[in-house]
Amino acid sequence: MDIKLIITGNGGQGIVFLTRLFAQTAVALGHSVMVSETHGMSQRGGSVISYLKINGDEAPLIQRGTADFMIALDSNEAVRNLGLLRREGIVFVNADNGLLPEVEPHLERLNIKVMNLPASSLAFEIGSSSIANIIMAGFVVAHPALGIPMEKMTATVEKASTRNSELNLKALETGYQAGMKIFSA
Amino acid sequence: MISQTVLGNEAIAIGIIENGCRVVTAYPGTPSSEILAGVIKHKKRLERDVYTEWSINEKVAFEIALAASWTGLRAAVAMKQVGLNVASDPLFSAAYTGVRGGFVIICADDPGPHSSQTEQDSRLMALVAKVPVFDPSTPAEAREMVKDAFTLSELYKIPVILRPTTRLCHAVQSLIIDGDHSSDDGIPSVKFQRDPPRWTATPKFRNLLHIELNKKLIDIADEFSDSSLNYIVEADGAGKVGIIASGVAFHTTQQALHELGVRVPILKIGTPFPLPQKLVNSFCAQFETLIVLEEPDACIEMQIQDRNHVKGRLELHGSVPGAGELTPEVVFSILSKTLSEAGYKVNPSPEDVELATLIKGLPLPVKPPRLCPGCSHRSAFFAMKRTFGSNAIYPGDIGCYTLGTNLRAVDTFVDMGASITMANGFFQANRLVKDERPVVATIGDSTFLHSGVAPLINAVHTGARFVLLILDNHTTAMTGFQPTAANDYLADRTEAPRKVSIPDLVRACGVEYVNIADPYDQEDFIRILKEAQAHAQSPDGGVAVLIAERPCTLYDQSPILEYPIPVVITEECDGCRYCTEAFECPALVLRPDKSRVDVNYSVCVDCGQCIDACHKGFIVPKLLEISPS
């Protein structure tokens, strides 16, 4: 496994937490990780981006055009950071209707796939708008390309949940089931 | 042994604890803030007897740790780069006097800058103060360098700076925490011993200490030339070009070379000052062109003796930009240009230019940082603007409330505490130029305690007249809720022996008008603001202080109000944007077609403060909504 993953969204959406879930799961699987997080002023609602390398080099940032995957909790942030992805990369986005139509021809040309899930709406339905990030974690894990087993991610979420463990696990399962349905279709 | 994910700052903290450090002090500041929290976590894990504190400012933190070192204990102090400006007085002095127990200053730089007022290079501060500096590249290396820093400090009796940067501080790396490092020899039997020619050196002795310091630096530079902290990679990648790199830029350089598909020898420098001249000279002699990649300024480059073939930050309009972060793209482009000019065959940039150009042209909404929903600073700023309008001068300060600039309620910010001194200065200058606008300054509780008290005394004593709002949210919010001297608990969450009362402190500074108000009560708050301004303007008045008191909504998890006030925006809303611009709550969202504003209930905290933000009365409490039945 050698993965470069971008996680992006807005301050307050739990980007740092989501990044740590993937990093901790990768480490539990015996891999080495290098992550770069956003702290400070941007966390007050501004654009937030994390970079995660599993079994990669030790540079904290990922060069534009080389990331394998992107998880975006906001579709505008997904578009803003699309240039980080390589050809044949995959975007997992929390949105009702995917990305802006303007970028579609380029995504097709570069063979970049967009996997869409209205995670915020699902989060609201199951009880808390603040768990869209964990729903996205389940959604991404359901995709075979990452090679992260659901039971390992479940264990990480359980361990990382200082409170609301039950709700977090429900969110993870919700995202996972939605992903299984979409990706097996 | 299982590896764990560890934040760069925590890795430094682990290094501090596992190397027997006994006193650790700090003042919070991005990107350094998580170091002390990590120290507390790991001293508990390893059951070490370590004194920790969030000091009132960096100078205080520095001197408390220094005294511990002079006693003979290992001590460390942590801060951000601009904090070292505050602590520079003791730094320069301590370089001369030297230390006893190992003394390590951890000073985090912020290339970019991301969360700072300057992009200054603490390695250059080390050069000017004449103390050695270590420049780690990863969390793992930073942890190991703490050990080397303590060893060097004790060997040469000299303070040592460990200088991480933002990308290292906020990197998370998989590390094995437990291991051989965890043995504890207990508290060493040391005591402070008088040594007048050193600890109380007069100018005559200072000269001798300076000579001694110069000698130490020559010996240290020699030692660094043979140190494993400085090494060459890809030595067999012979060619015309060599690279010298340090810090995070070292790994960014390797990443870029990988993408470029070329091998170039890199001299990795872990000790930028004093520069290991022998090693650097012999490396430089092998190449026609040398590229120096370091952040944020030119510490290594400046010390290279023959710079004729050097490409680095000091070249005007050269290949390496003179400011800003060395991101992967910047490093790729520097190397791509320089290497192809030297005849290397390099891969093109992996980024798709067409897509990049398209995205640049898209009208994507820009989301600048904003105060949180329910933040009482917003209410205080809004009341200020309603009271004084645009016809006032608003000196601001450093903290979350610097974001008051979005609301046009912060006109200046310089450094910690400057709101009060700038207000003082504007008052005196305005008197001369006959500008009669009111001066209304804002400062947070932690910043006031850090650097505001002396300026306030100065303003009172010299008869300045302005209104000062101390925005007291009971914590240091921007950096992650560290306690201040006005809190009843300490860094490790134990009870504080005493807490300092901000109102009493303000009165003791000689301020005659002191009032406390909750900015959520807009009407009362505005009445008091007017009263404060009247005091500032009255013949026998002076500085008027209003303490705006309400806990930070992020920090205080209790309900925001005993009786929450959910709001709705009525059908009449015409999208005039007054509320989104003058009040700027993230929960008030203008529709993409700009026809009206909606409440984003997923972030709204039901504080009801925006009711006042619609002067047309279209934002109303939910209970009063008349539903057609």
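Two residues are taken to be in contact if their C-beta atoms, placed from the backbone, lie within 7 Å. The model is predicted, so that local features need pLDDT of at least 70 and side-chain atom pairs count only at pLDDT 80 or more, while totals for chains, interfaces and linings use all residues. Residues are numbered from 1 along each chain as its sequence is written, and chains are lettered from A in the order in which they are written.

**Exercise 1.** Determine how many residues of domain 1 of chain B are in contact with domain 3 of chain B, and which elements supply them.

*Solution.* Begin with the bounds, which come from an automatic or database domain assignment: domain 1 of chain B spans 3–225 and domain 3 spans 376–549. Across this pair, 14 residues of domain 1 of chain B touch 13 residues of domain 3 of chain B. On the domain 1 side, helix H2 (34–45) and strand S3 (51–54) of chain B each give two or more residues, helices (H or I, at least four residues) and strands (E, at least two) being DSSP runs numbered from the N terminus. S3(B) gives the most, with three residues.

**Exercise 2.** Decide whether the radius of gyration of chain B agrees or disagrees with that of a compact globule.

*Solution.* The radius is taken over C-alpha atoms, and the globule rule is 2.2 Å times the number of residues to the power 0.38. For 629 residues the rule gives a value near 25 Å, and chain B, with 28 Å, agrees. The C-alpha atoms of chain B fill a box of roughly 80 × 70 × 60 Å along the principal axes.
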